[in-house]
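Please keep the sequence and the structure in view while reading.

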Amino acid sequence: MTLWRIRATVDDRPGYLSVLTASLALRGVNILTVQVQPTEQGAVDDFLVDAPDALDEAELIAAVERGRGRDCWVARSEARGLADQPTRVLGLANRLVRDPDATGEALRTLLAADVVSWRPAPVGVERGISGAGMLLADPAGGSFALRRAAPDFTPAEYARAQALVELAATVARRAAEQVTLVLPDDAEVAVRPTSVHDLPGVLELHEACSPRSRQRRYLGGAALPPPARLRRLLEPSRGLTLIATTTGSDGTAESVVAMANLLGEGDEAEVALLVRDDWQRRGLGSALLRRLVQHADRSGYAALVLHVQAINDPMLRTLRRLGRPTAVERDGGLLTLTVPLVVAAPADRTGAFCTP
């Protein structure tokens, strides 16, 4: 038996696919996988089949045409073609997460393209597919041009390819946004924006923190926040969430040791920090707070707001280190601290809190 790939267009009408498969079965062809890709011309059926060795390309095409298929393309396949399409795409996505510079090779593998080239000029209205050619927009700038001898590209293939390019651009952007901080005790941590994929590490951070640290962060209690709430914090609709991670000296997986949230509401942004107990008093909280202030300045917020327990001396000291005037409102044991980001007069460099 021999493995073949067959692609053919059939009318998108009830029973037409069964006619095609029956015609192949009469020739002893065993269908291993099938993908159906809708197009304006009809349904493009992509088969991986196991056919008798005696059958050649012309006989397979004849069997497809007898089954009401048209625009038939046939080519021999290899055993690796047995991997279904979702598995192949996930494997390529995993490769791009580790090496976003391999985008061109991933596209070549995904689409069996003969030529993949990157152009510095951004893609315009000509993006999309044209027969056996495809033009993809690169979110990082420029565009990818692909071409293969046959078969023609389909809209489904274009969508998969564009999603893969966007994944690589996101990974590259996140890598560029990551910085390494060297703390006063020479310890190093990596700081980067979060995504929903960081949820397991952030859950572990909360579990590793003492009840007192969690209570200082969330004010309402020491219980672990539900995953749904943490997921919203990781991808805020407005603002930024940062995490600090470390990697073990033996190369073990990274561990999240701190999280910093900046959540925008109107022209103000609320700030909160959570630092694992064994990483407190090492300057990490101050470093994260400064990065959030820089982001808020660039984003045009008028002020930062922090809700802090009056007995939370470590957080109050962290805020004083910013050296910015801070308005304080007290409600029992809770302080609301407002740090203006647009100051008309020269800032007070003493770093002392000033009440309104």
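Over how many bridges do strand β7 and strand β8 pair? Strand β7 (residues 133-137) and strand β8 (residues 143-147) pair over five bridges, in the antiparallel sense, where two strands are taken to pair if DSSP finds at least two bridges between them. Within this pairing, L136 stands opposite F144 in β8.

This is a predicted model, in which local features need pLDDT of at least 70 and side-chain atom pairs count only at pLDDT 80 or more, whereas totals for chains, interfaces and linings use all residues. Residues are numbered from 1 along each chain as its sequence is written, and side-chain values use heavy atoms, with hydrogens and water left out. Helices (H or I, at least four residues) and strands (E, at least two) are DSSP runs, numbered from the N terminus.

**The sheet with β7 and β8**

Strands β7 and β8 belong to an open sheet of four strands, ordered β5-β8-β7-β6 with antiparallel pairing. Its edge strands, each pairing on one side only, are β5 (115-119) and β6 (128-130). On average, neighbouring strands of this sheet are turned by 15° against each other, direction ignored; axes here are lines fitted to C-alpha atoms, for helices over the stretch in contact, and angles run from 0 to 180 degrees between N-to-C directions. Helix α4 (residues 103-111) packs on this sheet and touches β5, β7 and β8, its direction making about 35° with that of β8, with contact meaning heavy atoms within 4.5 Å. Helix α5, for its part, lies across β6, β7 and β8 and runs at about 35° to β7.

**The sheet with β1 and β3**

Another open sheet of four strands has the order β2-β3-β1-β4, again with antiparallel pairing. Here β2 (30-39) and β4 (70-76) are the edge strands, each of them pairing on one side only, and the twist from one strand to the next averages 15°. Strand β1 (residues 2-10) and strand β3 (residues 42-51) run antiparallel and are joined by nine bridges, T2 having A51 in β3 as its bridge partner. Helix α5 (residues 155-177) packs on this sheet, where it touches β1 and β2 and makes about 85° with the direction of β2.

**Helix α3 and its partners**

Two helix pairs involve α3 (residues 85-98), as tabulated here.

| Pair | Axes come within | Crossing angle |
|---|---|---|
| α3 and α5 | 9 Å | roughly 25° |
| α3 and α4 | 10 Å | roughly 170° |

The angle between α3 and α5 makes them roughly parallel, a label for angles under 35 degrees, while α3 and α4 are roughly antiparallel to each other, a label for angles over 145 degrees. In the contact with α5, helix α3 contributes Q85, L92, A93, L96 and V97, and α5 contributes R160, L164, L167, A168 and V171. The contact of α3 with α4 is made by Q85, R88, V89, L92, R95 and L96 of α3, together with T103, E105, A106, T109 and L110 of α4.

**A buried serine in a loop**

S195 is placed in the loop between β10 (188-193) and α6 (199-208). Because its relative accessibility is 9%, S195 counts as buried, a term that applies under 20% relative accessible area, against over 50% for exposed and partly exposed in between (1.4 Å probe, protein chains only). Leaving aside residues up to four places away in sequence, S195 touches R174, L234 and E235.

Notes. Angles under 35 degrees count as roughly parallel, over 145 as roughly antiparallel, 65 to 115 as roughly perpendicular and the rest as oblique.
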